[in-house]
Amino acid sequence: MRRELDKFVGYAACKSPEALDRETRAMGILKLDANENVYGPSPRVKAALASFDDAHIYPDSCQTELRKALAVYTGVAAEHIVAGSGSDQLIDLLIRLFVNPGDEVLTATPTFAMYKFFTELAGGKFVTVSRDDEFNLVPEKLIKAISKKTKLIFIAMPNNPTGTQISVDAVKKIIDTGVPVVVDEAYYEFTGQTLAPELDKYPNLMILRTFSKWAGLAGLRVGYGLLPVNVAEKLDAIKDPYCVNAAAVTAARESLNDVDYLMGNVKLMISERDRLFNALSSIKYLKPYPSAANFILCKVKARIALQIQVVLERRGILVRYFNSPQMENCLRFSIGRPEDTDRLIAELQKIGEM
């Protein structure tokens with residue numbers, strides 16, 4: 001085995017409901033720990049998968065149909081687009097494409113853990129600058145950290161797990177350095193803010209998106225990149241030939257044929273996010289941070305966040321716990337339906353009375 005992986009700890013995924021005991025599952029599990037879309041996929045997706053009859057046939061390795069559909073949706077020509085098994089796979093491929101052992105990948109933390117995961121897996125050095133006290137990225141601070149070994153910069157727009165947004169102009173300052181920049185727009189549909197119109201202007205700009213959040217396809221793993229043509233060609237050459245399975249392609253196609261329905265669900269989640277933020281603000285031991293995504297991060301005050309997570313889990317509610325630098329004693333709540341918010345807030349209020 002590779003000796004440099006002796007201390008590699010991997011990624012701590014969320015707990016599956018199946019891992020809970022029978023008594024807890026009997027309460028009805030409320031899963032608010034993984035930023036999933038509680039409304040699920042389009043009815044068109046469910047109908048198409050119910051009659052899906054191509055499981056025995058390999059999918060199109062050229063992704064012809066999917067790229068054409070994505071070109072219509074994004075307004076970006078198909079030759080700029082490469083799809084993958086979730087945007088995670090594209091993060092992995094971009095790092096493998098650009099980063100040699102010892103090269104640096106730069107970002108502002110706290111941020112999406114998979115940037116570090118794939119950098120270290122590739123033998124690269126993960127370099128970070130801290131965000132400010134409200135989790136905002138300071139462009140000047142990031143630019144100052146660029147070195148001769150910096151091969152990639154990752155910017156999550158908006159950021160996960162904090163929910164904070166960065167302006168397009170601020171990102172442009174970073175892109176203007178000439179270093180290859182990956183803008184992760186996993187939550188684009190919740191903001192409408194994108195760098196896609198700048199793709200032709202900047203040869204060092206790469207954009208990643210996913211169907212997991214807005215389209216409710218997290219379980220099928222479909223992501224895509226909007227890339228300079230030369231990068232798209234290289235990524236296409238090094239990706240697994242059948243990296244997006246046929247059922248996932250079908251689901252993505254039907255989602256793109258039902259955008260209005262899915263964006264209606266996005267609007268419901270945005271409205272519920274605002275209601276949840278106000279409700280969390282009324283709980284004395286929580287400090288919620290404004291979010292542009294489908295979750296809200298809270299700092300826990302005068303209590304132990306891990307204990308709160310455990311109590312909620314015993315009551316059938318799964319939430320995400322963080323205790324990393326700058327995110328000490330924090331909880332993150334994914335946005336659910338109105339009745340999910342009511343149940344969560346009721347339990348948090350009971351905890352406050354304990």
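How many disulfides does the structure hold? The structure holds zero, a disulfide being a pair of cysteine sulfur atoms within 2.5 Å. Cys 298 is in no disulfide, and the nearest cysteine sulfur, that of Cys 330, lies 8.3 Å away. Cys 298 is buried, at a relative accessible area of 0%, and Cys 330 also counts as buried, at 0%; here buried means under 20% relative accessible area and exposed over 50%, with partly exposed in between (1.4 Å probe, protein chains only).

The model is predicted, with local features requiring pLDDT of at least 70 and side-chain atom pairs counted only at pLDDT 80 or more, while totals for chains, interfaces and linings use all residues. Residues are numbered from 1 along each chain as its sequence is written, and side-chain values use heavy atoms, with hydrogens and water left out.

Turning to the helices, helices (H or I, at least four residues) and strands (E, at least two) are DSSP runs numbered from the N terminus. In helix H8 (residues 229–238), the buried residues are Val 231, Ala 232 and Leu 235. Viewed down the axis of H8, these buried residues fall within an arc of 100°, so they line one face of the helix; the arc is taken over the directions from the helix axis to the C-beta atoms. The face turned away from the buried side of H8 carries the exposed residues Asn 230, Glu 233, Lys 234 and Ala 237. Cover for the buried residues of H8 includes strand S2 (81–84), helix H4 (86–98) and strand S7 (205–210), with contact meaning heavy atoms within 4.5 Å.
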